[in-house]
Every structure is written in C-alpha cells, then in structure tokens.
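Let's take a walk through this structure together, one piece at a time. Keep the 3D view open and follow along.

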Amino acid sequence: MRTNKARPPRLGQWLLKKILPSEERRFLIEGIEERYVRELKDRGRISALFWYLKDIFRTIPILIIDDFLGSTILLKNYLKIALRNIKRHKTFSFINITGLVVGMTCSILIMLFIQYEISHDRYHENADRIYRILIRQPTDIYQGIDMYSISPPPLKAALMNDFPEIQNAARILRTEGLINYKNNRYLESRFFTVDPEFLKIFTFPLTAGDPETALNEPFSILLTEEMAEKYFGNEDPIGKILTIDNTYDYQITGVLRNIPGNSHFKFDFLGSFSSLYPIFSKWHRGGSFSEDWDMYSFKTYIQLHRSSDTGEFNSKFPVRLEKYRNRPTNDEIYIQPLTHIHLGGNVNDEIEANSDIRYVYFFSAIALLIMLVACFNYMNLSTASAVQRMKEVGIRKVAGASRRNLIHQFLGESLLFAFMALFFSLWLVKLLLPAFNSLIEKELSFQVFNNIKIFLSLLGISVLVGMLSGSYPALFLSSFLPVNIIKGKLISRKSLNKSSGLRNTLVVAQFAISTVLVICTIIIFNQLQYIRTKELGFKKEYVVTVPMQDENLKKNYGPLKHELNQYSKIVDVTVSNFLPFSVENSQAVDWDGRPEDGPDFRCLCVEPNFLDFYGIELAEGRNFSKEILTDVEQAYILNESAVRLIGWEDAIGKRFNCQRNVDGQVVGVVYNFHCHSLHRQIEPLVIFLLDDSLWWDVRYFSIKINSEDIFETLALMEEKFKKFSPYPFSYSFLDERIDMLYRREQKLGQNFEYFTFVAIFIACLGLFGIASLTSGQRTKEIGIRKTLGASVSSISVLLTKEFMKLTSIGIIIAFPVSYFAMHQWLNNFAYRVDIGWIPFIGAVLIIVLLSLGTVFSQVFKAARANPVDSLRYE
Amino acid sequence: MRILTKLEESVLLTILKLKNNAYIVSIKDQLERFTSKNMSFGALYVALNRLIKYGYLESHIGESSSLRGGRAKKYYKLTKNGVFALKDIRQQQNLMWKGFENLADELLEGQ
C-alpha cells in the first residue's frame with residue numbers, strides 16, 4: 001500500500017522524466033523511488049529528503065553529459081553537415097559569422113574596459129579595509145559639490161585617538177616640484193609627500209630599500225622604477241641626492257615598482273612627511289603647520305584593524321568636525337571606502353578625475369545592445385534560410401530522428417558558429433586593442449589564457465550567444481512535419497507566418513536600436529559643436545597661457561613683461577589668478593544689506609588691462625584705470641549675475657568689499673561671460689585688481705600673439721622665460737584648455753560614433769541577408785506578376801515596401817526612447833541645444849537610405865530576372 | 001579488449017554475485033556495501049547502459065510484483081563477453097600483483 005507521503009518530491013521526478021528518453025526512464029525513476037521509500041522508513045522524512053535531493057543533483061548532470069556523449073556518431077555527421085552548409089551558402093555563412101564577430105569583438109572590448117574600471121584599487125591587500133576621509137562643507141559649495149577630499153593635518157591624530165578601530169592612517173600632500181639631478185631637470189607634477197604609514201596601508205611594493213624605514217627621516221624620497229630610469233638610466237639610484245625646487249636636497253632611500261594604471265591616484269615620487277616641518281616653518285604663521293586646523297591641503301586615508309567590524313565603524317560617521325577643534329564649524333567628516341572612489345564620481349580636489357558608475361552601466365548597455373543585434377541577425381537568417389534545409393529535416397525525421405535530436409543538431413550548429421566567431425573576435429580584439437586603448441586613454445591588456453576568469457567568461461558568453469541565437473531556429477526547424485515536407489507541401493502556412501512574424505519583430509528591434517544610437521550620436525555631436533562654438537563672452541583665439549609656478553617669475557614680472565612687449569608679434573601680456581573660462585576660487589564678500597548667509601562670490605584678480613585683453617565688455621560703468629590710484633584697492637567690477645543676486649537697480653558707486661581693510665565701490669558691471677564650463681549656470685563674479693598682498697595667488701600668464709609665425713613667437717617666449725626662471729617652459733593655447741573641460745563628453749561622443757557605426761553595420765548586414773533570401777523565395781510570384789504585365793519598378797516597389805514598413809516601425813519606436821535618453825543627458829549642461837527635430841530627420845534619412853541601399857540591390861536583381869527562368873519546371 | 005573503469009568493473013562483479021536478483025536498487029545497495037563509496041543513481045544508470053552497449057550486459061524486464069505497486073523491474077545479467085572481460089581483468093591483475101607480498105615486505109624491512 002502506498003500513501004502519497006511515501007512518494008518523493010514531484011519536481012525531481014518530473015525533471016528526471018524530462019531529461020531521460022521515453023521508456024528507459026521508468027526503471028531509473030522507480031529505482032530511486034524504491035530507495036527513497038526505504039530511506040523514509042529507516043531514517044525519517046528529513047534525511048530521506050536530503051538523500052533524495054543529493055542524489056538528484058548528482059544524477060541530472062551525469063545524465064545530460066551522457067546524453068550528449070552518447071551520440072558521438074551523430075555528432076560527426078552533424079559537424080559534417082554544418083561545415084557543408086557553411087561552404088554551400090557562403091554569403092549567409094559570411095554574413096552570420098561577420099555579424100557575430102563584430103558584435104563579439106565590440107562586447108569583449110567593452111567588457112575589458114568595464115573589468116578594468118571596476119578593478120580600480122582592488123590590488124591593495126587591505127583594499128576592503130581602507131577608507132578615504134572626506135570633509136563636507138555645507139557652506140562652501142564649489143562646482144555644485146560640497147564634499148572635499150582634503151582635510152587639515154591634525155585630523156589624523158584626532159581620528160586615531162578617537163577610533164580604536166583605525167590601525168594606520170596616512171596623510172598625503174600633493175605638490176609640483178622642480179627636480180634636479182646633475183642638470184637632468186624636470187618639472188614633476190606627481191610628487192606626493194606622505195606619512196611613513198602610507199606604505200603599510202597601500203600595497204606599493206619596493207624593488208629596493210626597506211619599506212619600514214624608507215620614509216622615516218626628513219628629506220628621504222622614494223621614486224618609481226620609471227623615474228629611476230628617467231633620471232639615472234642604469235645607475236643605482238639608492239643613496240643619490242635629488243634637489244627639489246633648487247632648495248631642498250632629498251636622499252633616495254628606495255625604488256617603487258611602477259604604479260598600476262587602475263589606481264585612483266598615481267604618483268612618481270614619495271617624499272617623507274617629516275620634511276614638511278622645516279619647509280613649512282619658513283612661512284607658516286604661528287605654531288607648527290601640523291596643528292593648523294585651517295590648512296585644508298592634505299588627503300587622509302585610514303586602514304582598519306583586521307578584527308574590527310566595518311559595518312559598525314561605518315555607522316559612526318559622519319562625525320562633526322567641531323568635536324576636535326575649538327571653533328564652531330558646520331563641517332562634517334565622512335568616510336569613503338577605497339574601492340568606491342574611482343566609480344563614485346568626483347568630489348572637490350580629487351587627485352585625478354574619477355569615472356562614474358553610470359558610465360559603466362552605460363557601456364554595459366551598449367555592449368548588450370550590440371550583442372543582441374548580432375544574435376537577432378543570426379536568428380533571422382537561420383529561420384529565413386530554413387526552407388532550404390527542410391528536405392534535410394524531413395529525411396532525418398523519416399529516418400527516425402526525434403525532435404530532440406534535431407534540436408541538438410541545430411543548437412550545436414549555432415554553437416559552432418558562436419565558437420568560430422569567438423575565435424575570430426579574439427584575434428580581432430588583439431589587433432584592435434592598441435587603437436581602443438588610445439581611444440579611451442587607458443592601458444587595458446588582454447591575455448586570454450593567462451586569466452582563467454576572462455577565458456571562462458568568454459566561453460560562457462559564446463555558449464550563451466550560441467544558445468540564444470540558436471534557440472528559435474532549432475525549435476522552428478525541428479517542428480516541420482515530415483509528411484508535409486516529403487509531400488512537397490513545404491511548411492504549413494501558419495508556422496511560416498509565425499516565423500516571419502518573429503523575424504519581423506527582430507528586424508524592427510534591430511532598427512529601433514540602431515536608430516536610437518544614430519539619434520543620440522547626432523544630438524551629442526550637436527551639443528559638442530554648440531559648446532565649441534558658443535560665444536563665451538571673451539576672446540579665446542591666439543592666447544597662449546603659461547602657468548606661473550615659479551617665485552622667480554613673479555619677482556621678475558616687470559622686466560619680463562617689458563621684454564615680451566618689445567616684440568612686435570606679441571600683442572599684449574596680462575596676469576591673473578585664474579583664466580576667464582574657469583574661475584575656481586570663491587570668497588566671502590560684503591555689501592550694504594547683505595543677508596547673514598549670503599553666498600560667496602567667485603573672485604578674479606587681474607591687471608588693469610585684463611578686460612581689454614580678453615575683450616570682456618562692460619554693460620555699465622567704467623573699466624579699471626591705471627591713472628586712478630585708488631582703483632588698486634577700492635574698485636570692483638561685478639558681472640550681471642552678481643548684480644541680479646544682490647538686487648541693485650543701479651550698481652555703480654555702491655559700497656562693496658572683498659576681504660580688504662578698506663571698503664571699495666562698484667565701478668562697473670560686465671556682461672555675463674562663461675567663467676565656468678557650460679555644465680553650470682554663470683555664478684556671481686567679482687573682478688578686482690591685483691595688489692601686492694595678492695601676488696602670491698597669481699597663477700597664469702596670458703599672452704596674446706599675432707597669428708603669423710606662431711612657432712617663432714613661441715621660441716622667443718621660451719627664451720625670455722628661461723632667462724628668469726630655471727623651470728622648463730610649458731604653455732598651452734587657451735582654446736585647447738577650454739576644450740579640455742569637455743573632454744569626457746568628447747570621448748563619449750567619439751565612442752558613440754564607433755558603436756553606432758557597428759550597430760548599423762550589423763543591422764544592415766542582417767537586412768541584406770533577409771532581403772536576398774525572401775526575394776529569392778518569391779521568384780515564382782515575381783515571375784507570374786511579370787508575365788501579367790508588372791513592370792520592374794512596380795515589383796521593386798512592392799518588395800521594398802515590406803522592408804521599409806519594418807524599418808519605419810523601428811524608427812518610430814526609437815523616437816521617444818532616444819528623446820528621453822538625450823533629454824536626461826543634456827540636463828548635465830546648464831547651456832544646451834534644443835533637441836529639435838533635426839536629429840530625428842537626420843536619423844531617419846540615414847537609416848532609410850542605408851536600408852534602402854542594402855535591400856535594393858537584392859530586390860532589383862529579383863525584379864529583373866527573366867520570368868521564363870523562374871516559371872519553367874524541369 | 002576494452003579498458004573498463006573501476007566502476008564498470010565493480011558493477012560487473014556485483015551483478016555476477018547477485019545472480020538473478022540484479023536490478024538497479026540491489027546493485028546500488030551491494031556496491032555501497034563493497035566499496036563504502038556513495039555514488040548517485042545517475043552514475044550507476046549511465047554505467048549500466050554503457051556496459052549494455054559494450055555487450056557485456058543484457059537486460060530483461062521482470063514480472064510485476066505487488067511490492068512495487070505492480071510495476072516491473074529491469075534485471076541485468078552478464079553476457080558471455082562480460083564474463084570473459086572479467087576473466088581478462090583478473091588475469092591481468094594477477095600478473096601485475098604477482099610477487100607483491102615479498103617485494104612489499106622487503107621494502108618495509110629495508111626501511
């Protein structure tokens with residue numbers, strides 16, 4: 001007697017029944033059942049169930065593998081047929097494989113990129129226990145962000161004292177330095193000064209020197225292998241002396257292995273922190289700099305003990321900074337895990353610009369879309385070409401092949417295609433990687449066989465692609481009824497319609513995807529063009545900018561300017577704390593009736609000729625004047641935004657002050673010019689003259705030159721600068737610097753162009769295949785139409801119309817999708833183009849023309865065929 | 001001669017010993033007793049089918065019994081070839097193991 005309880009779980013039994021072929025399965029399933037009943041009796045329900053599940057889980061894979069291996073003879077035959085088919089239908093095989101190869105190559109490249117992005121900073125042994133300290137300054141919002149990666153030097157000790165979880169903490173000061181060894185002299189911008197704990201927290205191995213002691217002494221320095229080679233060639237650098245800024249002698253105590261590219265900060269030199277005491281003592285007012293809570297110049301990183309609970313530690317933050325210092329402040333201390341920094345977007349004062357997790361998602365989406373387009377292609381072509389293989393299917397069925405066999409065969413075939421495609425695309429990736437690297441400005445490497453993870457995931461992807469693209473053709477082809485085929489009835493109307501329904505959907509999807517990409521590309525291009533050509537409100541042409549990092553240049557500015565002005569090709573020279581396209585600092589300002597929490601203004605400190613130099617126009621009032629001596633300390637010029645914010649009807653003559661002892665007044669108002677990137681609205685700005693107390697803040701020379709003999713002028717400038725400064729002469733053109741602001745967008749645009757091209761290419765490839773197939777299948781219809789008097793053109797139109805219908809639907813679907821996506825993207829810019837209808841019309845034209853061109857050659861061939869040939873029976 | 005796996009060899013031996021009562025559950029029970037190794041039904045099933053394909057085993061459906069709810073069992077029996085295969089293995093093994101005791105003792109004493 002059996003009760004229901006004595007039966008093993010249904011799901012397992014059902015699975016077994018599905019996997020095993022018909023009759024045979026009975027004995028195994030019954031065997032398992034019998035044993036289950038015994039287990040149930042002997043050891044109780046729970047352990048019986050466990051036994052059962054364990055057995056099932058081990059049984060199923062064995063059965064599946066056995067199933068595949070069992071048909072080795074057939075396998076050989078399948079392979080033969082598949083290869084024969086590839087050979088016989090050269091065009092289709094070519095289209096199929098090309099589509100898959102292009103798709104896979106793109107996806108692999110993007111995958112490598114994504115893998116590189118998410119691998120940032122993970123090579124540190126303690127990566128999961130390292131945090132960066134961030135300070136949030138709610139009252140100082142810069143570039144729309146109130147988070148800063150810089151913190152004051154005493155914070156390290158305060159945190160160590162307060163949080164026993166912290167094992168090590170290190171401060172980093174990033175500076176530039178003029179480095180000299182035996183007149184081998186370079187300006188190095190990646191010079192870090194760090195606590196000795198730096199080497200304990202981060203995993204930066206030394207090839208020479210002792211990490212325990214290397215940074216203990218003042219004026220010790222480590223350098224990377226690359227730098228050792230640059231300065232010393234084959235010499236042993238250990239113990240040598242590097243002179244920095246012509247003043248300080250650092251002794252080399254070790255050599256670091258080169259810093260991996262996937263780090264959120266990179267450096268070439270590590271100076272010891274203790275060197276800072278003598279250096280800073282020269283100018284730091286009142287006490288040691290290391291006790292100065294106002295010196296926001298250092299990055300602080302901490303590492304937790306292995307035993308400490310990171311979750312609990314996290315929950316203790318943010319902490320108010322007030323706790324540690326005796327002055328009230330709203331600043332708060334936050335922590336950010338090391339591994340989140342690179343993809344976490346930028347905070348203020350990053351060492352290097354970070355990426356954004358959104359870009360990773362974005363590229364993953366593109367990879368997926370391209371892969372989908374390629375898979376759809378394969379599905380389409382194989383179902384469309386099914387008719388040609390009907391006889392084969394019929395014969396196989398008559399000879400006793402089950403549907404399962406056939407599904408195996410066709411799935412196997414698409415797997416074969418996928419692997420062939422993988423093989424070619426690996427080769428292509430190798431070939432294209434250098435170009436791709438220079439496109440995205442990274443150093444990706446690709447060693448398939450060294451990296452088992454990559455290798456396996458590639459295999460996985462190709463299996464997935466094979467399965468996905470083979471699934472529908474396999475099911476479709478294997479569903480033919482042999483009776484119908486042998487009778488010559490072809491396939492039933494119904495299943496043919498069903499298959500062409502799916503095919504059409506796929507074509508529509510392909511073209512929708514391509515159209516979205518085209519529209520996005522056009523809009524991105526428009527926006528970039530808009531940025532490049534937008535009137536910024538100042539003249540940016542033929543201006544050479546030279547950073548003023550050297551005290552000598554500041555001291556000798558008068559004579560230098562005089563000498564430069566002597567030369568006829570140099571039109572004018574001026575200096576300022578910032579360049580007009582990117583005014584980066586802001587200060588508290590005061591005017592009559594300023595509210596308590598009034599905002600800071602951007603400050604531009606200039607020479608009197610600055611406004612004329614840059615052609616910045618005055619809306620009212622007057623320019624600075626050399627003749628009016630009080631202008632130096634008492635004249636302010638505001639921009640329109642500032643006046644609007646204050647709310648003055650007439651600004652001229654109003655009292656104004658910006659961090660000065662004497663009140664001044666507003667003498668003029670300039671029209672708004674873009675003093676930031678176009679991502680942001682123009683903020684309130686105050687312009688005033690440089691006085692002696694502000695000279696330390698001067699950062700840039702601007703030199704306007706004649707458009708003729710630019711190289712000669714540059715050479716002359718170099719000569720003059722060299723005369724006053726030991727630093728190497730470096731310069732850049734203002735318009736190039738402005739372009740740099742939009743570098744990220746330009747990269748995006750470029751990448752988009754390439755990927756769009758790839759997607760369209762694959763889609764057209766597919767369309768070409770289908771067009772040639774279907775028009776081939778309709779030769780009889782065309783023949784009849786022609787004998788009844790249809791013209792070549794009317795037949796062409798008839799055939800083309802169907803494809804155009806599909807592309808049109810795809811295009812219509814693409815409109816709202818791309819509008820929405822681009823609307824989101826444009827929101828990043830305060831100043832942006834209207835989307836308008838031009839991108840859409842443009843995309844329609846491109847897509848329609850391309851698909852027409854693709855289809856037409858095939859259609860025309862079919863329409864021109866002589867009806868005698870197509871209608872004659874043997 | 002085919003080279004049989006250890007599992008296939010054990011399965012053949014077990015079936016030989018079970019005489020007329022060799023069906024999938026009893027074979028598995030017996031095997032577990034001999035080898036104290038737990039294998040899944042699937043592995044056994046696959047091995048049985050492979051041995052049938054080699055021609056070492058033959059199977060027949062038994063009469064239905066009330067014990068299993070009126071369902072029949074599939075019994076396995078060695079073919080002549082199966083028996084010869086076992087004999088071959090035995091012969092080979094004998095050859096290989098010949099003199100083992102002496103040599104092993106020698107080595108152990110030497111250490």
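Reading chain B from the N terminus, you pass elements in the order α-α-α-β-β-α-α. That comes to five helices and two strands. Keep in mind that you're looking at a predicted model.

So what does chain B look like overall? Its C-alpha trace spans about 65 × 30 × 20 Å along its principal axes. A compact globule of 111 residues would have a radius of gyration near 13 Å, whereas chain B comes out at 18 Å. Buried residues make up 26% of chain B. Now take the contacts in chain B with a separation of 6 or more: 48% of them join residues 24 or more positions apart.

Next, look at where the two chains meet. Twelve residues of chain B are in contact with 15 residues of chain A. On the chain B side, α2 (24–35) and α3 (41–54) each supply at least two of the touching residues. Which helix gives the most? That's α3(B), with five residues. Sorted by class, this side of chain B has six nonpolar, three polar and three charged residues.

Over to chain A, and its helix α15, residues 452–478. How far apart should the ends of a helix like this be? At 1.5 Å a residue, its 27 residues should span 39 Å, and the end C-alpha atoms are 36 Å apart, which agrees.

In soluble globular proteins, nonpolar side chains tend to be buried together. Here the largest nonpolar core has 84 residues, and those with the most contacts inside it include A:Leu100, A:Ile370, A:Val373 and A:Ile519. Among the elements of chain A that give two or more residues to this core are α5 (90–118), α12 (357–384), α15 and α17 (493–533). The largest share, 15 residues, comes from α12(A).

Zoom in on A:Ile519 and see what surrounds it. Leaving aside neighbours within four places in sequence, A:Ile519 is in contact with A:Ala814, A:Ser818, A:Pro839, A:Phe840 and A:Ala843. There's also a second, separate core of 53 residues, which includes A:Leu155, A:Leu199, A:Phe204 and A:Ile333.

Methods:
Residues numbered from 1 in each chain as written. Chains lettered and ligands numbered in written order. Predicted model: local features only at pLDDT ≥ 70, side-chain atom pairs only at ≥ 80, totals over all residues. Contact = placed C-beta atoms within 7 Å. Helix = DSSP H or I, 4+ residues; strand = E, 2+ residues; numbered from the N terminus. Nonpolar A, V, L, I, M, F, W, Y, C, P; charged D, E, K, R; others polar. Expected span 1.5 Å × (residues − 1). Rg over C-alpha atoms; globule rule 2.2 N^0.38 Å. Buried ≥ 20, exposed ≤ 12 C-beta atoms within 10 Å, placed from the backbone. Core = buried A, V, L, I, M, F, W, Y, C linked by C-beta atoms within 7 Å.
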